[in-house]
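Open the model in your viewer and keep the sequence panel beside it. The tour goes stop by stop, with something to select at each one.

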Amino acid sequence: MTQQAAPDLLAGRGAVVVGGSRGIGQAVARLLAACGAGVVVNGRDPDAVAETVGAITGSGGHAVGISGAAHVEATAVALVQACREEYRSVDVLINCAGVAEPAGSSILSVSTAQFHELLDAHLGTVFQTCRAAALIMAEQRSGSIVNSGSVAFLGDYGGTGYPAGKGAINGLTVAVAAELAQYGVRANVVCPGAKTRLSTGADYERHIRDLHARGLLDEISMRASLDPAPADYVAPLYAYLASDLAAGVTGSVFLASGGFVGRFERPIPAVLGYRDHQSCAPWSFDELHAMVAKG
């Protein structure tokens, strides 16, 4: 089932889709174009970028492609500059780039190089592209940033660099949303679930079943992970957040997979104990144990 386009939703907007040549990013790029936006498609594989651009333009949309790793500052800057030159503004930035954790990776086995590669691919990409786009969006006094996180930040899917990078994206995005609010620029996160090359194949299935066997994933989560819906089901949330329909929405972390849409509430600390430090001594170990372990 294909999402129906709304040609006027993003008419005249310029959009950059990082990781837009495959998977979720490709579905988002195609939908943005179908909704009237001019799209800069980015990915590491030049052939995949060209194929996606060809599919968009062949359907009557507007798209140009720039290949390269967007955690590299020069690439990130080139993406937003191309959008501004081609479409006269940078109205939307979507980050969908990602790489999988090495098979079997854990804190016991991951190398320093692997960890930094994962951080670069996720957090580094978001930082570089947000910084490049924010300068233009603040000048325009408008814009929407939608970054891709992952429920993996909760730790249920194991790994190291992947959950660390995705969790950091949440924190960076809400900080960016707060900083840019005065300029009329919004920033949100989508934690998507969809069938892509990263969520198919024998290695992926073994990983998910192993997580279930270790007690990290419950039965329902395991089955949902083994049978995700196509990326077309999550793309509409990205397009919605990019549009004026979401004008009042910023600093939020959403979840989307298949027919499910959710939102993480802002964390609020539960009070375990309080006393005035002006008149009381520091908590004793027994008191802390009573609050933390028994509470």
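A residue is called buried under 20% relative accessible area, exposed over 50%, and partly exposed in between. Glutamate 287 has a relative accessible area of 30%, so glutamate 287 is partly exposed. Keep in mind throughout that this is a predicted model.

**Stop 1**

Arginine 275 is partly exposed, at a relative accessible area of 25%.

**Stop 2: arginine 22 and aspartate 45**

Select arginine 22 and aspartate 45 next. This is another salt bridge, with the closest N and O atoms 2.9 Å apart. Arginine 22 lies in the loop between strand S1 (14–18) and helix H1 (23–34), and aspartate 45 in the loop between strand S2 (38–43) and helix H2 (46–58), so the pair ties together parts that are 23 residues apart in sequence. Arginine 22 has a relative accessible area of 34% and is partly exposed. Aspartate 45 is partly exposed too, at 25%.

**Stop 3: arginine 131 and glutamate 73**

Move to arginine 131 and glutamate 73. Their closest N and O atoms are 3.4 Å apart, again a salt bridge. Arginine 131 belongs to helix H4 (residues 112–140) and glutamate 73 to helix H3 (residues 73–87), so this pair ties together parts that are 58 residues apart in sequence. Arginine 131 is partly exposed at 39%. Glutamate 73 is partly exposed at 45%.

How many salt bridges are there in the count? There are five salt bridges. Side chains of opposite charge can pair when their charged atoms come close.

**Stop 4: alanine 78**

Stay on helix H3 and select alanine 78, which is placed there. Alanine 78 is partly exposed, with 29% relative accessibility.

**Stop 5**

Select arginine 88, in the loop between H3 and strand S4 (92–95). Is arginine 88 buried or exposed? At 70% relative accessibility, arginine 88 counts as exposed. Arginine 88 is not a glycine, yet its phi is positive, at about 75 degrees.

Then jump to arginine 141, in the loop between H4 and S5. Arginine 141 has a positive phi of about 65 degrees and is not a glycine either. Most residues other than glycine have a negative phi.

**Stop 5: asparagine 147**

Now go to asparagine 147, in strand S5 (residues 143–148). Asparagine 147 is buried, with a relative accessible area of 1%. Which side chain does asparagine 147 join through a polar contact of 2.9 Å? The partner is the side chain of asparagine 95. Leaving aside residues up to four places away in sequence, asparagine 147 touches Asn95, Val126, Cys130, Ile169, Thr173, Asn188, Val189 and Val190.

**Stop 6: the nonpolar cores**

Select Ile24, Val28, Leu32, Val39, Ile94, Tyr238 and Leu241. These have the most contacts inside the largest nonpolar core, which has 36 residues. At least two residues of this core come from each of S1, H1, S2, H2, S4, helix H8 (235–242) and strand S7 (253–257). Which element gives the largest share of this core? H1 does, with seven residues.

Zoom in on leucine 241. Not counting residues up to four places away in sequence, leucine 241 touches Ser144, Val146, Arg186, Asn188, Val190, Ala246, Val249 and Phe254.

Another core, of 24 residues, lies apart from the largest one. Val80, Val126, Cys130 and Ala133 are among its residues.

**Stop 8**

Finish with cysteine 35 and cysteine 191. Cysteine 35 counts as buried at 3% relative accessibility. Cysteine 191 is buried, with a relative accessible area of 3%. How many disulfides does the count come to? The count is zero disulfides.

Definitions and conventions. Residues are numbered from 1 along each chain as its sequence is written. This is a predicted model: local features need pLDDT of at least 70, side-chain atom pairs count only at pLDDT 80 or more; totals for chains, interfaces and linings use all residues. Side-chain values use heavy atoms; hydrogens and water are left out. A salt bridge is a side-chain nitrogen of Lys or Arg within 4 Å of a carboxyl oxygen of Asp or Glu. Helices (H or I, at least four residues) and strands (E, at least two) are DSSP runs, numbered from the N terminus. Buried means under 20% relative accessible area, exposed over 50%, partly exposed in between (1.4 Å probe, protein chains only). A polar contact is a pair of N or O atoms within 3.5 Å; within protein, one must be able to donate a hydrogen and the other to accept it, and residues adjacent in sequence count only if both atoms are side-chain atoms. Contact means heavy atoms within 4.5 Å. A nonpolar core is a set of buried Ala, Val, Leu, Ile, Met, Phe, Trp, Tyr and Cys residues joined through side-chain atoms within 4.5 Å. A disulfide is a pair of cysteine sulfur atoms within 2.5 Å.
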